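Thanks for coming. I will go through a few local backbone features and then some helix packing. Please have the model open.

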Amino acid sequence: MMTTNLDPAIQTRAESWLRAPYDETTIASVKELFDTEQYTELTDSFYKDLEFGTGGLRGIMGAGTNRMNKYTIGRATQGLSNYLLKTYAGEQIKVAISYDSRNNSQSFARLVADVFSANGIQVYLFSELRPTPHLSFAVRHLACQAGVMLTASHNPKEYNGYKAYWNDGGQLVPPHDKNVIREVYAIEDPSQIKFTPEEANIHLLGKEMDDAYLDAIASLIIRPEAVKRQEDLKIVYSPIHGTGVTLVPPALERWGFVNVHLVEAQAKPDGNFPTVVYPNPEEEEAMSLAVKTGEQIGADVIFATDPDADRVGAAVKNKDGNYQLLNGNQIGSLLVNYVLSAKKEQGDLRPDDYVVKTIVTTNLIADIAKQYGVTYYDTLTGFKYIGELITLKGGQGRFLVGGEESYGYLVGELVRDKDAVVSAVFIAEMAAYYKDQGKTLFDALIALYVQHGYYKEKLISLTKKGKAGAEEIRAMMERLRSEPPQTLGGIDVAEIKDYEKSESYNLKTGKREVINLPKSDVLQFITVDGDVISARPSGTEPKIKFYCSVRQPLNSAADFERVGQELEERVDRIMKDIA
């Protein structure tokens, strides 16, 4: 029976899940939505299919085409299997699979393994939860053609996700992502999904793979002598109920650190994330227990990783002796400066060395790269584009370090994704090196600002859930394109970069230039003062994000507070005009 409360097409899609071949549990879940007249939930669950964004397949768990469940995951895996079988026809195909601490991640991972194995593909499944970067490493180490990580990164507990990787250990990028989706859409019925496993094709990964990864990480150490002198550096670490607990502590141990304090209340993997609202080290609340532990022991450095341990946040003592959270731009800038300065000091900077950041990440990284004569590249938002660039360059150059403002960084070329395990040990090494000189990481950051200018960044995320929210986000972007602001915070806009149109337009000269990056729904407004304001719908969350970066000279460390306040006020004026 049709209802006026539900779009007819959506109702038809939902009703198709009320009968076989869907299982009884799924049918009961959808029937309950109809019986209780939850039409908004039905609409959000069925109005579209989950799509690959910057982080792959991600959504709320539950029944429906727009939800993470047995059938959407099975369909995605069958589509990926079909694409692999066509791409590598006649070859023995291998895939690696890992999963995080989220609810259902383990069972979803086993489901993915079942479908791959049923398609004659050799599966290497981690026997226990492991970080996302370890999955990337395993794909490369085992010479797999693909990989899958079951995670929703730092999203709330209701979410899960499916990150698909290609043979380089990087997430799917064009044309593979669109080609896989085409294969997925070609599957019109669950009966086309091979759910029955071929057990002989499934192989479990354990300690040997962990050791290979940890040994490879240990070889990256730059200043072992500083670490040795500061081996008792007081480190506080929280995995925020995620996978980092499996590899970050042993990585720190192999690096030589002997005084690591685990935040016990957050040490146990738990998909309900009981001690935090969001398991995201970008959030002050998520870092609060780690900071409290650091205050109790007088830690030199505090850090925490998100559930799949590809992002890391950090806190250090400021000038007042209080612990201050560093943002992603600050951590990334410190890492880039540390690696480049150490390489130069050791005579190991090469003409073909390079660093990479994303277009919404601070230009302080570009300034640092220029100082050391090292090439830097900008990519679209999403670490998969950084990984892609490293792969495309191949042996033509050496990637040293890079990252993005959303707390994702990579040092060295072991993997093709952001790596919080590697980043954590390098943050600890940095802290040891500066302590060896009687300084803190905060001192090092201010020194960077004195040298290159004080950069202040801010991110505003507006959450717009469901179908109505998606339409509202599209309308906001259309409005910014059709009626772009001429001033922001009282400052004239000089240039507009539209990455969807691949065009940069100078409002002062009328000059138009081509942007040589893939098309993406991103707008950037650059003021006459050099401020950069970006608008971008998230590829993995129901959000639209506004980024602002401003800069002002900092003559001395003594001016840090005053200049910081002036920049904060400038950012606020700008953000009020655009968000």
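E37 counts as exposed because its relative accessibility is 55%, where exposed means over 50%, buried under 20% and partly exposed in between, with a 1.4 Å probe and protein chains only. This is a predicted model, in which local features need pLDDT of at least 70, side-chain atom pairs count only at pLDDT 80 or more, and totals for chains, interfaces and linings use all residues. Residues are numbered from 1 along each chain as its sequence is written, and side-chain values use heavy atoms, leaving out hydrogens and water.

E37 is not a glycine, yet its phi is positive, about 55°. It sits in the loop between α2 and α3 (39–46); helices here are DSSP runs of H or I with at least four residues, strands are runs of E with at least two, and both are numbered from the N terminus. A143, also not a glycine, has a positive phi near 55°, and its place is the loop between α6 (132–141) and β4 (146–150). As background, most residues other than glycine have a negative phi, and most peptide bonds are trans.

Now the cis bonds. From A20 to P21 the peptide bond is cis, with omega near 15°, and P21 is in the loop between α1 (8–15) and α2 (24–35). The bond from P174 to P175 is cis too, with omega near 0°; P175 is found in the loop between β5 (159–166) and α7 (176–185).

Next, α5. This helix, residues 105–118, has 14 residues and reaches 20 Å from first C-alpha to last, close to the 20 Å expected at 1.5 Å a residue, the expected span being 1.5 Å times one less than the number of residues. How many of its residues are buried? The count is 10 of 14, so α5 is mostly covered. Among the buried ones are F108, L111, V112 and F116. Their cover includes α4 (70–87), β2 (94–99) and β3 (122–126), with contact meaning heavy atoms within 4.5 Å. Just after α5, G120 takes a positive phi of about 80°.

Last, a helix pair. α10 (residues 248–255) and α15 (residues 420–436) pack at about 45°, with axes 9 Å apart. That makes α10 oblique to α15, since under 35 degrees counts as roughly parallel, over 145 as roughly antiparallel, 65 to 115 as roughly perpendicular and the rest as oblique. The α10 side of the contact is V248, A251, L252 and W255; the α15 side includes V421, F426 and E429.

Note on methods:
Axes fitted to C-alpha atoms, helices over the stretch in contact; angles between N-to-C directions.
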